[in-house]
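The sequence and model come first.

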Amino acid sequence: MQTKILLNEDQLPKQWYNIIPDMPGEMAPVIHPGTLQPVTPDDLLPLFPMALIEQEMSPNRWIDIPQEVLEVFKLWRPSPMFRAHQLEKALGTPAKIYYKYEGVSPAGSHKPNTAVPQAYYNKMAGTKRIASETGAGQWGSSIAMACQHFGLECTVYMVKVSYGQKPYRKSMMQLWGAEVFPSPSDKTNAGRAILAKDPDNQGSLGIAISEAVEDAMTHEDTRYSLGSVLNHVCMHQTIIGLEAKEQLKIVGDYPDVVIGCHGGGSNFAGLAFPFVADKANGKDVRLLAVEPASCPTLTKGVYAFDYGDTAKMAPISRMYTLGHDFMPPGIHAGGLRYHGASPLVSQLVHEGVVETRAVQQTACFEAAVLFARTESIIPAPESSHAIRGAIDEALLAKEEGKEKTILFNLSGHGHVDMAAYDAYFNNELEDYEYPEAAIKESLSHLPKVG
Ligand SMILES: *Cc1c(COP(=O)(O)O)cnc(C)c1O
């Protein structure tokens, strides 16, 4: 019985899979937040290097991974795949459960898979500094680490409430050489305006994005970087699914269902997109994105044009959205609290290619605890949504007496999130009702495009 399914360094994928040429349906244009007209590559140049802007819109199915990026990836990739024998036994399921483990990266999640190439392309374009935002700190620590590899400076605006609550993620960023400011800060006009009105403002991802974007726009040598949602980010993450397919070949298996948790969409896209291509070619494979019931973007949002950030400075995309000013409840899976979703994942949901499910946080922590007590790895609260999805599929297989092969993405470990587990064991975690009124209010503020 094989448990770890490993690839050698020389089996590292040499190209990313770009799903754009294989997308079903019409791709919507990205809209400029000021003019409400489609954006041009020139509009985006103050924010991103041209190589990434080209990837955002590329018609090429395969894009070479630069050698310098592969050399950094070798520090932790190829990542392992596991067959969850212990979990299967505990569930008494006839299903086979496999998981791809992205917690082996230095930052502890899948996010360095895009942070490293983003830092590389910025370095090549002459960028001196990257400005970005972070909520709970997973993205901030990943981009800080990546900037170190290519000699870039890094400024991170960290949502103030997390800056206070998650001091170790701040320490990781500083250890990797980044300058970290609690947001709202007095470093930007956006931050100062909020502090003038409300000196105790605890911040939000939307505000932090506005600060980082302003920083990049007002400094010639500085560019902005985003850790999820965008097409090029989803493409960088496909290295997960490409490796997974090779690993399943070793054990002669193929999944009936592929599962990922969904915040902005990048880790789900990374595992699932290479299987979407098979599905389009007639393979019978289901793709399932699992999100929190308290921030139910894919299951309860509308498919519409909306801003990427609260301050309406970021481009407008067509996506599933709860409205750019929707404030999700403070669940512990901080990485899943985004009002929007990847436009590519959204389109696949809209076209009926990807299935969605919303789950409550206590059910996710239950799943995470069972996982930690069987497979031993302590999952990130975000990843526990994928575990919940996988366990429910396995229990259904048991009920139906059916064999089934399940593959899910264990997007990160929870070592820096032990406060969330403490809260769970102290019975301090609550489930939130679907915030219908807040979503309705927020959806009345969508921009009028087209
Ligand atoms: C950030 C994060 C997520 C959510 O982001 P996606 O872009 O939806 O993948 C999920 N899991 C972990 C461990 C994260 O750090």
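The text below takes the ligand site, then the helix pairs, then the backbone.

The model is predicted: local features need pLDDT of at least 70, side-chain atom pairs count only at pLDDT 80 or more, and totals for chains, interfaces and linings use all residues. Residues are numbered from 1 along each chain as its sequence is written, and side-chain values use heavy atoms, with hydrogens and water left out.

**Ligand site**

Around the ligand there are 19 residues, of which Lys111, Ser228, Ser266, Asn267 and Ser411 come nearest; a residue is near a molecule if one of its heavy atoms lies within 4 Å of it. The table lists polar contacts, meaning pairs of N or O atoms within 3.5 Å.

| Residue | Protein atom | Ligand atom | Distance |
|---|---|---|---|
| histidine 110 | N or O atom in the side chain | oxygen | 3.0 Å |
| glycine 263 | polar backbone atom | oxygen | 2.7 Å |
| glycine 264 | polar backbone atom | oxygen | 3.0 Å |

**Helix pairs**

Helices (H or I, at least four residues) and strands (E, at least two) are DSSP runs, numbered from the N terminus. Axes are lines fitted to C-alpha atoms, for helices over the stretch in contact, and angles run from 0 to 180 degrees between N-to-C directions.

Helix α6 (residues 138-149) and helix α8 (residues 167-175) have axes that come within 8 Å and cross at roughly 10°. α6 is therefore roughly parallel to α8, a term for angles under 35 degrees. Gln138, Gly140, Ser141 and Ala144 of α6 make the contact with Arg169, Met172 and Met173 of α8; contact means heavy atoms within 4.5 Å. By class, three nonpolar, three polar and one charged residues form this contact of α6 with α8, with Gly counted as polar.

For helix α12 (residues 239-250) and helix α13 (residues 266-280), the axes come within 6 Å and cross at roughly 65°. α12 is therefore roughly perpendicular to α13, the term for 65 to 115 degrees. From α12, Ile240, Gly241, Leu242, Ala244, Lys245 and Leu248 meet Gly270, Leu271, Pro274, Phe275 and Asp278 in α13. The contact of α12 with α13 has seven nonpolar, two polar and two charged residues.

**Backbone geometry**

Arginine 77 and proline 78 are joined by a cis peptide bond with omega about -10°. Proline 78 sits in the loop between α3 (67-73) and β4 (81-83). Another cis peptide bond joins serine 183 and proline 184, with omega about 10°; proline 184 is in the loop between β8 (179-183) and α9 (189-197).

Serine 376 is not a glycine, yet has a positive phi of about 80°. The loop between α16 (361-374) and α17 (384-400) holds serine 376.

Key: Parallel < 35°, antiparallel > 145°, perpendicular 65-115°, else oblique. Polar contact = N/O pair within 3.5 Å; in protein donor to acceptor, adjacent residues only side chain to side chain.
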